[in-house]
Amino acid sequence: MAKQARPGWAKTRGGIVSKKILFVDDEPGVLEGYRRLLHKEFSIDTAVSGREGLAAIVAAQPDAYAVIVSDMRMPEMDGVQFLSRVRTISGDSVRIALTGYADIQTASNAVNEGAIFRFLTKPCQKEVLAKALTEGLVQHGLVVAEKELLEKTLRGSVKVLTEVLSLVNPAAFSRGVRVGKYVRHIVQELHLNTPWQFEVAGMMSQLGCVTLD
């Protein structure tokens, strides 16, 4: 059943794209300030540490946060480490660094390890922050649309190849279909990212039978 649009989500040609934003900062008062400033314009969630932020991201899957904003100076897990982890577990999320310590090394580490979209300094005016968040949401939409287009194009190419296989070697085609079903089940059980890639690999596994006995 298709997911119904709701606050924090937006329609695209391919379905629903998250518009949720996560702020991570070790100061609860700062987080509450962001919420008061921005709640009318954006769907805001907050976390008081990097670990709590990661837990929120995992819990939200597959409905990932569109934009994730993190403070740089936090105990246990700093912003660079947090955004680096986010890049691994939620690669489509747009990452923004926000800190009162605008030193060059921190900015460099954040860009290189966290692949951030924007680097903002505290105190950050509402207009500047809102503009960065809006641009982040637009960027997220572009990333999702590009990924969707690539997936559809690749799926179309695979469909043509499998149809050729069904004509040339029906037995191999039948095996490929079975492998694809097994792979789909395994991917669902393991909750792997980008499941379509594994399914495509399963369907393509028998193409060699066109030329090899």
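## Helix packing and nonpolar cores in a predicted model

H2 and H3 are roughly parallel to each other, a term that applies to angles under 35 degrees. The axes of helix H2 (residues 50-60) and helix H3 (residues 79-89) come within 10 Å and cross at roughly 15°, where axes are lines fitted to C-alpha atoms over the stretch in contact and angles run from 0 to 180 degrees between N-to-C directions. H2 passes H3 in a right-handed crossing, meaning that the near helix is turned clockwise from the far one by less than a right angle. On the H2 side the contact (heavy atoms within 4.5 Å) involves Gly-50, Gly-53, Leu-54, Ile-57 and Val-58, and on the H3 side Phe-82, Arg-85, Val-86 and Ile-89.

This is a predicted model, in which local features need pLDDT of at least 70 and side-chain atom pairs count only at pLDDT 80 or more, whereas totals for chains, interfaces and linings use all residues. Residues are numbered from 1 along each chain as its sequence is written, and side-chain values use heavy atoms, with hydrogens and water left out.

The protein contains seven helices and seven strands, which are DSSP runs (H or I, at least four residues, for helices; E, at least two, for strands) numbered from the N terminus. Their order along the sequence is β-β-β-α-β-α-β-α-β-α-β-α-α-α. Of the 213 residues, 35% are buried, that is, under 20% relative accessible area with a 1.4 Å probe and protein chains only.

The largest nonpolar core has 19 residues, such a core being a set of buried Ala, Val, Leu, Ile, Met, Phe, Trp, Tyr and Cys residues joined through side-chain atoms within 4.5 Å.

Apart from it lies another core, of 17 residues, with Leu-54, Met-74, Phe-82 and Leu-83 among them. Leu-38, one of the residues with the most contacts inside the largest core, is in contact with Phe-23, Ile-44, Lys-126, Leu-129, Ala-130 and Leu-133 when its neighbours within four places in sequence are left aside.

Val-179 is found in helix H6 (residues 170-190) and, at 26% relative accessibility, counts as partly exposed, the class between under 20% and over 50%. Not counting residues up to four places away in sequence, Val-179 touches Gly-202, Ser-205 and Gln-206.

Technical notes
Parallel < 35°, antiparallel > 145°, perpendicular 65-115°, else oblique.
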